[in-house]
Amino acid sequence: MIQQTEAIAPTLEPIIGNSGISEPDTNWRSAVTPGTQIDCIASPNAQEELAEVIACAYRNRWQILPTGNGSKLGWGGVAKNIDLVVSTSRLNRLVEHAVGDLTVTAEAGMKFCDLQAILAKEGQFIALDPAYPQDATLGGIVATADAGSLRQRYGGVRDMLLGLSFVRFDGQIAKAGGRVVKNVAGYDLMKLFTGSYGTLGIISQVTFRVYPIPDASQTVVLTGTADNIAQAAKTLLGSALTPTAIDLLSSGFGIGEGMALVTRFQSVEASVKEQSARLLEVGQHLGLKGSSYGGNDESNLWQKLGEQMQGDATKGGISCKIGVLPTAAIATLSLVDNMNAIALIHAGSGLGVLRLDSIDKEAVGRVREHCQSHGGFLTVLEAPVAFKQQFDVWGYSGNALDLMRKIKQQFDPVNMFSPCRFVGEI
C-alpha cells in the first residue's frame with residue numbers, strides 16, 4: 001500500500017482525463033477494511049486506457065479493487081490495503097453480435113439488462129438469471145459466477161462463456177477462447193476467471209453464447225408440507241419434463257403455506273401448457289396446492305423472488321451462497337425454517353441462496369456445518385464488514401488452497417488485484 005494516495009488522481013488524469021476520475025462514494029466501503037483511504041475511482045473509457053491505468057498502478061505498486069457497476073462489490077471477503085478503485089462502467093459497448101452463430105461479444109462494463117434488450121430485438125437472450133439484473137455488469141457476473149435459476153436448463157456462467165479479454169497485472173491485454181461456439185482454446189483460463197472475484201486480473205471483454213427466446217413461458221408453484229414437496233421434486237426430476245428452472249423454497253416467501261416448488265417451463269406454447277398441466281396433476285395427487293403464472297404475473301413472481309433473496313447488507317442482513325447434495329435440499333430448508341431466515345435451492349444442482357434479516361453468527365455457523373456434512377458449503381456473500389472480519393467468509397475446507405495460491409502468484413505476482421478478498425485471504 002502506498003503512503004500518499006493523493007498522488008493517484010493527478011497521475012491518472014493524463015491517461016483517462018478528468019471525466020474518468022471521480023470522488024469515492026460509499027459503495028466500495030462494503031468491500032474493504034475500515035479506515036481504508038481511497039483517493040479516487042478510475043473509470044477508463046476504452047480497453048487500452050484500462051491497460052494503461054493498470055500498467056501505471058503496477059509501476060507505482062498501487063493495490064486495486066476492480067469493480068463494474070458495484071452491485072456485487074460487497075460479495076466475498078474483505079479486501080485489504082486498497083489504494084485505488086478501478087471501474088469498468090464506461091467500458092459498456094457492444095463489440096459484435098453474430099446473430100447466426102448465436103454469440104455476442106461486449107465490453108465487461110455493459111449492464112446485463114442493456115445487453116438483454118439488444119439481444120431481444122433479434123429474438124435472442126443470454127440464459128443467465130443473475131442478482132441485481134438492472135445494475136449487474138457482464139464482467140461482474142463472470143467474476144462472481146452468478147448464474148441463477150436458469151442453470152437447471154442451461155448450466156452456469158462457465159457454460160455460457162465462450163471467450164474473454166482481460167488486463168494482466170503489468171498492463172498487458174490477454175485473450176482466452178473465441179467468438180465461435182466450437183472454439184475451446186483457453187477453456188481452462190476462462191474457468192479460472194469465472195468466480196475469481198477480481199483477484200487474477202480485470203476482465204475487459206466477454207463473449208457469451210446466446211439462445212433463441214422461447215415462444216411461451218409459464219411457471220407452476222406447488223406449496224405444502226416438506227415431505228410432499230420433496231416427493232413432487234423427485235417425481236419432476238425423474239420425469240421427461242424439461243423445465244428451465246426448478247427451485248425449492250423455504251417457508252416465508254409469502255406465496256403459500258409451507259415450502260414451495262417453483263418450476264418454470266419455456267418452449268412452444270403447446271408444450272408449455274402440457275408440461276404445466278402434468279406438474280399440477282402431480283401436485284394434486286400429493287395434496288399440494290397448485291398455482292400457475294403467465295405473462296406479467298410470471299415476470300412479477302420471479303422478480304419478487306429475486307428481490308427477497310438479494311436483501312440489503314447495509315441494513316444489517318446477511319446473504320450466503322449455499323450448496324448441498326440435491327438429496328439434502330429439503331432437510332436444509334427445514335433447518336432454515338427453524339430460524340429467522342429464508343432460502344432458495346435449485347433442485348437440480350443443490351446450489352442456492354440463504355438470506356437472514358439479522359446478524360446471527362450462530363445461525364450462519366449451524367447452516368454451514370449442515371451444508372458441509374451434506375457434501376456442500378456455505379459462503380457469505382453480503383454482510384456488514386464487521387461480521388466478515390469475525391467470521392470466515394469462505395469456510396473453505398478442501399485441499400486446493402496451495403494450488404490456488406500458486407495460480408494467484410502466477411497471474412498477480414505483486415498482489416495488486418483485490419488482495420485478501422478470495423479464499424484463504426488470497
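Trainee: What should I know about the model before reading it?

Mentor: The model is predicted, and local features need pLDDT of at least 70, side-chain atom pairs count only at pLDDT 80 or more, while totals for chains, interfaces and linings use all residues. Residues are numbered from 1 along each chain as its sequence is written, and side-chain values use heavy atoms, with hydrogens and water left out.

Trainee: How many helices and strands does the protein have?

Mentor: Helices (H or I, at least four residues) and strands (E, at least two) are DSSP runs, numbered from the N terminus. The protein has 14 helices and 19 strands.

Trainee: What radius of gyration does the protein have?

Mentor: The radius of gyration is taken over C-alpha atoms, and the globule rule is 2.2 Å times the number of residues to the power 0.38. For 426 residues a compact globule would come near 22 Å, and the protein, at 22 Å, agrees with that. The C-alpha trace spans about 70 × 50 × 35 Å along the principal axes.

Trainee: In what order do the strands of the eight-stranded sheet lie?

Mentor: Two strands pair if DSSP finds at least two bridges between them. The order in this open sheet is β15-β12-β14-β13-β17-β18-β16-β19, and the pairing is antiparallel. At the edges are β15 (289-293) and β19 (377-382), each pairing on one side only. As for angles, axes are lines fitted to C-alpha atoms, for helices over the stretch in contact, and angles run from 0 to 180 degrees between N-to-C directions. The twist from one strand to the next averages 20°.

Trainee: How many bridges join β12 to β14?

Mentor: Nine bridges join β12 (residues 216-224) to β14 (residues 259-267), and the two run antiparallel. Thr-223 has Ala-260 in β14 as its bridge partner.

Trainee: Which strands does helix α8 touch?

Mentor: Contact means heavy atoms within 4.5 Å. Helix α8 (residues 226-237) packs on the sheet and touches β12, β13 (245-249) and β14, its direction making about 25° with that of β14. Helix α10 (residues 295-310) runs at about 55° to β12 and lies across several strands, including β12, β15 and β19.

Trainee: What is the strand order in the five-stranded sheet?

Mentor: This open sheet has the order β5-β6-β10-β8-β9, with antiparallel pairing. Its edge strands, β5 (94-98) and β9 (173-177), each pair on one side only. Neighbouring strands are turned by 10° against each other on average, direction ignored. Four bridges pair β5 with β6 (residues 103-107) in the antiparallel sense, and Leu-94 stands opposite Ala-106 in β6. Helix α2 (residues 47-60) packs on the sheet, touching β8 (161-167), β9 and β10 (202-209).

Trainee: At what angle do α1 and α2 cross?

Mentor: Angles under 35 degrees count as roughly parallel, over 145 as roughly antiparallel, 65 to 115 as roughly perpendicular and the rest as oblique. The axes of α1 (residues 8-16) and α2 cross at roughly 155° and come within 10 Å, which makes α1 roughly antiparallel to α2. Among the residues in contact are Leu-12 and Ile-15 of α1 and Val-53 and Cys-56 of α2.

Trainee: How far apart are the axes of α11 and α12?

Mentor: Helices α11 (residues 329-337) and α12 (residues 361-373) have axes 11 Å apart and pack at an angle of about 170°, so α11 is roughly antiparallel to α12. Ala-331, Thr-332 and Leu-335 in α11 meet Arg-366, Val-367 and His-370 in α12.
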